[in-house]
Each structure stands twice: as C-alpha cells, then as structure tokens.
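Let's take a friendly walk through this model together. Have the sequence and the 3D view open as you read.

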Amino acid sequence: MFKWYNGSYIAGLLFQIKQGFDPKKKKNLPNRLYLADLEVTAKDVYIKRDFANKTAETLDTSGHHEIGRRQEMAETLDTSGHHEIGHNLYKTNLDTNKDTNKDTNKDTSMLDFSSTNFSQNVLQKQNQDIVANASEFLVSNGNSGKIPLEAETIKLISLWSANDPKKMEKMIGIIFNAKKASETFITQQTGKPTTIFLDNYEDLQHDITVSLRRTFNAIRNKQDKKQKVNPENYIFGAMRNTFEVWYSEYLQSLS
C-alpha cells in the first residue's frame, strides 16, 4: 500500500516529505525524498494516477536534489486488484556500474568444440581417444541411432585411420554407400524392394570385417609397390562384392 504521511508522490516513483520550518534553526528544512512503496491496490492506482506524469520539483542549488521528469509507467491490474510492475521500473541513468560495452557482456561459457579452439597437441590426444574408443560408442548393440557394425569392424577401421576420426568416418560411409548400391542392384535383379538390416545378420557383419582386413592389406601392398590405386574405390568395390555375395548365399539358404 502507498503510505502518505505528510508528503506527496513525485512522478509516481519518489515519495517526498516536507520538513517545514525549523524554529530552532530558524529556517526551512529541505524536503526528504524516499523510494515509493510499489505494492498498490487498484483503488490506490485510480486515486493517485494524476501524479504519474507530473514534473518533479526542481530545487535550488543550495545542496538540494534536482529530480528529472519520469514517464508514466504502464499499469496492468491482475484479478486481485494489485499492481503489476514492469521489469524496467528501476532502470535509471543513475546506475554508474552499467557496462555500455556490449563485447564485455559476451557469454564466454558457450561451448565451441571446433578445431580452432584447441592446440595441435590437444587435438591429437582427442583424435586418439575418439579412434581408440570408437568401438564402444559407435557400435549399435541393439541401440537405435548407432552404427550397426560389430565392434571388431570399428576397431579395424580405427587401426587403419591413422588416428584421424574424419578418415574413420569416411571409411564407414563407404561401407554404407556400398550397401545402398548393392540393395539397388539386388532390387533391379529380383524385382523386389530389398533392404539389408545389418543388425539382424551377425554373419554378414563378420564378413564385412574379414573383407575390410583383406582390402586394407591389398591396398597397402599396391601402394608400397608404387602401383596406382584409389583406396576409396577399392574399398567400395570390395564392400559391394561382400554384400552381393552374402545376399546370394542368403537366398540359396532360404530355398
């Protein structure tokens, strides 16, 4: 509630109490200014609304405070009749601690894992950790959203990726591109839409591991002999052959 006493409100924010004449000091005492009590009822708002736009008194320069004009605050009454105060109520130009430099307010706690934020030494350790533990966090194990390959396959790819997660990701991508190409080819040959679900066939996952190990070794032998070879195409072809041979044997087992 507003507390009136022997005073008046200035611009709806400050409460002014007039001191009057002091017979001992034989002079008029300066008025006292207080922050207004902001919890008001609907009745108080209605009665005192005329004070909201008034210009504050400008006192003389004998040590008295000069109060500027305040803009009337928008008022919203809730169902209980109490006044809701906007979030800018205490926003004044008197705050000398206000930082006007926007850059200093930048949130430095934002997470950014881009390579530019780490030294080469740290990046190498991070890559080694990713590659070394890839079989634990990449393999499906029946969990959706992970790669449906056996842990042995991921370990093999990690071993041949030279501690580079990007190379490991590329090799995994080649395997699944080969799988998709094989499914398209089988669909064309059989006239039936074909999708190979790796989660359902442990024998196929093992065949992929064996084929990759054979392929990596063959590529290294060719490169050591300075023979021209495109490793990506070589792996893709080997994987396509693995999927299509396995599916042919799978169909025969059903007949």
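What follows goes from the overall fold to salt bridges, a charged surface patch and a few contacts.

**The chain as a whole**

Please keep in mind that this is a predicted model. The protein chain holds 7 helices and 7 strands. Read from the N terminus, its elements follow the order β-β-β-β-β-α-β-β-α-α-α-α-α-α. Of the 255 residues in the protein chain, 26% are buried. Among contacts with a separation of 6 or more, 51% join residues 24 or more positions apart. The protein chain exposes about 18,600 Å², and carbon and sulfur atoms supply 50% of that area.

**Salt bridges**

Side chains of opposite charge can pair when their charged atoms come close.

| Pair | N to O distance |
|---|---|
| Arg213 and Glu152 | 3.4 Å |
| Lys179 and Glu183 | 2.7 Å |
| Glu244 and Arg240 | 2.7 Å |

Take the pair of Arg213 and Glu152, which form a salt bridge. Arg213 belongs to helix H6 and Glu152 to helix H4, so this pair ties together parts that are 61 residues apart in sequence. Arg213 is partly exposed at 40% relative accessibility, and Glu152 is partly exposed too, at 38%.

The other two pairs in the table each sit within one helix. Lys179 and Glu183 are 4 residues apart in helix H5 (residues 165-190), so about one helical turn separates them. Are these two partners buried or exposed? Lys179 is buried, with a relative accessible area of 12%. Glu183 is also buried, at 11% relative accessibility; both values fall under the 20% cut-off for a buried residue. In helix H7, Glu244 and Arg240 are likewise 4 residues apart, about one turn of the helix. Arg240 is partly exposed, with a relative accessible area of 25%.

**A negative patch on the surface**

Which residues gather in a patch of negative charge on the surface? They are Glu202, Asp203, Asp207 and Glu249. Helix H6 (residues 202-224) provides the largest share of this negative patch, 3 residues. Asp203 has its place in helix H6 and is partly exposed, with a relative accessible area of 45%.

Gln205 is another residue of helix H6, and it is buried, with a relative accessible area of 8%. Setting aside residues up to four places away in sequence, Gln205 touches Pro148, Leu149, Glu150, Thr153, Leu198 and Asp199.

From that list, Thr153 is worth a look from its own side. Thr153 lies in helix H4 (residues 151-159) and counts as buried at 0% relative accessibility. Apart from its neighbours within four places in sequence, Thr153 is in contact with Gln205, Ile208, Thr209 and Leu212.

**A pair involving helix H7**

Finally, turn to Tyr250, which lies in helix H7 (residues 231-254). Tyr250 is partly exposed, with a relative accessible area of 26%. Where does Leu204 stand relative to Tyr250? The two are 46 residues apart in sequence and 9.8 Å apart in space, C-alpha to C-alpha.

Technical notes: Residues are numbered from 1 along each chain as its sequence is written. This is a predicted model: local features need pLDDT of at least 70, side-chain atom pairs count only at pLDDT 80 or more; totals for chains, interfaces and linings use all residues. Side-chain values use heavy atoms; hydrogens and water are left out. Patches are made of residues with over 30% relative accessible area and no salt bridge: like charges are joined within 9 Å, nonpolar side chains (Val, Leu, Ile, Met, Phe, Trp, Tyr) within 5 Å. Accessible areas come from the Shrake-Rupley method with a 1.4 Å probe; for residues, only the protein chains shown count as cover. A salt bridge is a side-chain nitrogen of Lys or Arg within 4 Å of a carboxyl oxygen of Asp or Glu. Lys and Arg count as positive and Asp and Glu as negative; His and the chain ends are not counted. The place of a charge is taken as NZ of Lys, CZ of Arg, CG of Asp or CD of Glu. Buried means under 20% relative accessible area, exposed over 50%, partly exposed in between (1.4 Å probe, protein chains only). Contact means heavy atoms within 4.5 Å.
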